[in-house]
Amino acid sequence: MCSIAGFDCSIKTWGDVAAIATILGGAGIFLALLQLRHQSEVARSTFENLFVVQYQQLIQRLPIMALLGNELGDEDRKKYLREFYHYVDLCNTQAYHRAQGRVSAATWSEWKDGIEANFRRPELKLVWAYIAAKSPDEFSDLRAVAPPGPLDDQNPYSRLA
């Protein structure tokens with residue numbers, strides 16, 4: 001006879017076996033769901049980390065003076081326009097994936113803070129206004145996060161040919 005804490009735990013009928021099987025089955029399903037959740041979190045983290053790597057590679061190609069808050073000369077603007085465009089595109093892709101629910105709220109909060117901080121830098125503000133004006137039907141997800149300023153004659157990118 002089996003007794004645990006005053007309860008009879010012996011198996012007497014097939015109903016007892018069925019009850020035990022039901023409990024074990026439920027525990028198995030619960031553990032499987034925990035495993036799926038963990039795998040989903042790992043997959044999301046891996047996905048997010050791919051963007052971090054892209055960002056790190058791209059930011060290293062941008063001119064340090066622009067990242068430090070200085071404006072560039074016209075030659076450097078021409079030289080780095082392609083890299084700035086790629087940065088804008090990366091930011092838009094990040095915003096798109098957040099809107100699709102593929103990026104966690106915590107990660108998006110960090111990314112969004114970084115995007116907003118970078119687009120407050122004078123040179124990035126100028127180049128974003130230029131790229132947005134030249135691509136009016138693109139970058140809609142980024143526009144919602146960091147609305148571009150207007151492209152006017154005072155913007156040095158408007159004089160690039």
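Tutor: Start with angles between helices: axes are lines fitted to C-alpha atoms, over the stretch in contact, and angles run from 0 to 180 degrees between N-to-C directions. Keep in mind that this is a predicted model.

Student: Why are H1 and H4 called roughly parallel?

Tutor: Helix H1 (residues 14–59) packs against helix H4 (residues 105–120) at an angle of about 20 degrees, and their axes are 12 Å apart. Angles under 35 degrees count as roughly parallel, so H1 is roughly parallel to H4. Their crossing is left-handed.

Student: Which residues of H1 and H4 meet?

Tutor: From H1 come Glu-48, Phe-51, Val-52, Tyr-55 and Ile-59, and from H4 come Thr-107, Trp-111 and Asn-118. By class, this contact of H1 with H4 has five nonpolar, two polar and one charged residues.

Student: What makes H3 and H5 roughly perpendicular?

Tutor: The axes of helix H3 (residues 74–99) and helix H5 (residues 122–134) cross at roughly 75 degrees and come within 10 Å. The range for roughly perpendicular is 65 to 115 degrees, and therefore H3 and H5 get that label. On the H3 side the contact includes Leu-81, Phe-84 and Val-88, and on the H5 side Leu-124, Trp-128 and Ile-131 are among the residues involved. The contact of H3 with H5 divides into eleven nonpolar, no polar and two charged residues.

Student: Which residues touch the most other members of the largest nonpolar core?

Tutor: They are Phe-84, Tyr-87, Ile-115, Phe-119, Trp-128 and Leu-142, in a core of 32 residues. H1, helix H2 (64–67), H3, H4, H5 and helix H6 (140–145) each give two or more residues to this core. In soluble globular proteins, nonpolar side chains tend to be buried together.

Student: What does Leu-142 contact beyond its neighbours within four places in sequence?

Tutor: Leu-142 is in contact with Val-88, Cys-91, Asn-92, Ala-95, Ile-115, Phe-119 and Trp-128.

Student: Why is Arg-44 called partly exposed?

Tutor: Arg-44, found in helix H1, has a relative accessible area of 33%. Buried means under 20% and exposed means over 50%, so Arg-44 is partly exposed.

Notes: Residues numbered from 1 in each chain as written. Predicted model: local features only at pLDDT ≥ 70, side-chain atom pairs only at ≥ 80, totals over all residues. Heavy atoms only, no water. Helix = DSSP H or I, 4+ residues; strand = E, 2+ residues; numbered from the N terminus. Parallel < 35°, antiparallel > 145°, perpendicular 65-115°, else oblique. Left-handed = near helix turned anticlockwise from the far one by under 90°. Contact = heavy atoms within 4.5 Å. Nonpolar A, V, L, I, M, F, W, Y, C, P; charged D, E, K, R; others polar. Core = buried A, V, L, I, M, F, W, Y, C linked by side-chain atoms within 4.5 Å. Buried < 20%, exposed > 50% of the residue type's maximum accessible area, 1.4 Å probe, protein only.
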